[in-house]
Amino acid sequence: MNPTPSSLDAPPSRLGQALANARGQGRAALAAYLPAGYPTLGQSLDALHLLSTTVDVIEIGLPYTDPLMDGPVIQHAAAQALRAGFRTEHLFTTVRELAAASNTALVVMSYWQPIHHFGSSRFAQRLAAAGGTGVIIPDLPVEEATDWLSAAHEHHLDAVFVVAPNATDQRLARVCAAASGMVYAPATAGVTGGQGPLHPGLRTFVGRLRTLTNLPVGVGIGVSTPEQAACVGSYADAVIVGSAFIRAIEATPGPAGAHQAAVLAQRLADGLRRAVPTAA
């Protein structure tokens, strides 16, 4: 879907504003991912509220029974949330409560099947009404995204696509043309949660994306330490961290887990402020 003249004239979304504000401070934005309802609905909200005081963007995961692109850390967290009683309605409640208390940009990360089952237009309407600004759907190919892109555009939500480093420039350009808000580049190959080195071609890939789109480039999937965040933040527009927050919560069961996640967020944010932006 190409932008219409009216969308080009529209003010930036909350996601766009968050990325622009960070850029104005000479740093990359920090995005934190946590599944809604993990480890319980109450503890999830506590952690997300604390994170919202430090990070620029919160990615709220919609727990799903078959998260094939996620590693064991996020799979376990999603399963725990579902066992604790999470339902899709709780996602909108979570977004609504966060939006009422914070100006942090709220983006949902979900597989396509739950959105399709709920109804793409209904999902977009409910999320926008709750205060969400966009959705990342990692398993939705751009060729099959027409209905979702129409729903997202109608309700002024950003449609963020995950882009593959092994894609051709022609395909990347097509995905970027359909996307809004930002594009999401993986920092490592494979599923989420890796704690090894970042892909050696990551910086080159971000530079390649910049020749194909003016959208900001966010990097996640495998970023877990302040040092890695600082490295990625020197050439990306946003650094996205997920499994590391879940590990911090798991390491300290109970209410204190949320505070450990907040401590990690501050360390990551400090690392980004120390990073020196360079040309990609």
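A handy term to begin with: buried means under 20% relative accessible area, exposed over 50%, and partly exposed in between, using a 1.4 Å probe and protein chains only. You're looking at a predicted model, where local features need pLDDT of at least 70, side-chain atom pairs count only at pLDDT 80 or more, and totals for chains, interfaces and linings use all residues. Residues are numbered from 1 along each chain as its sequence is written, and side-chain values use heavy atoms, leaving out hydrogens and water.

Searching the whole structure turns up five aromatic pairs. Rings of Phe, Tyr and Trp (its six-membered ring) pair if their centres lie within 6.5 Å; planes under 30 degrees apart are stacked, over 60 edge-to-face, the rest tilted.

Select Phe92 and Phe118. Their ring centres are 5.5 Å apart with planes at 50°, so this pair is tilted. Phe92 belongs to helix H5 (residues 88-101) and Phe118 to helix H6 (residues 112-118), so the pair ties together parts 26 residues apart in sequence. Helices here are DSSP runs (H or I, at least four residues), numbered from the N terminus. Phe92, at 0% relative accessibility, counts as buried, and Phe118 does too at 12%.

Next, select Phe123 and Trp148. This pair is edge-to-face, with 6.4 Å centre to centre and 65° between the planes. Phe123 sits in helix H7 (residues 120-130) and Trp148 in helix H8 (residues 146-154), 25 residues apart. Both Phe123 and Trp148 are buried.

Now show Phe92, Phe118, Phe123 and Trp148 together: they form one aromatic cluster.

How values were computed: Helices (H or I, at least four residues) and strands (E, at least two) are DSSP runs, numbered from the N terminus.
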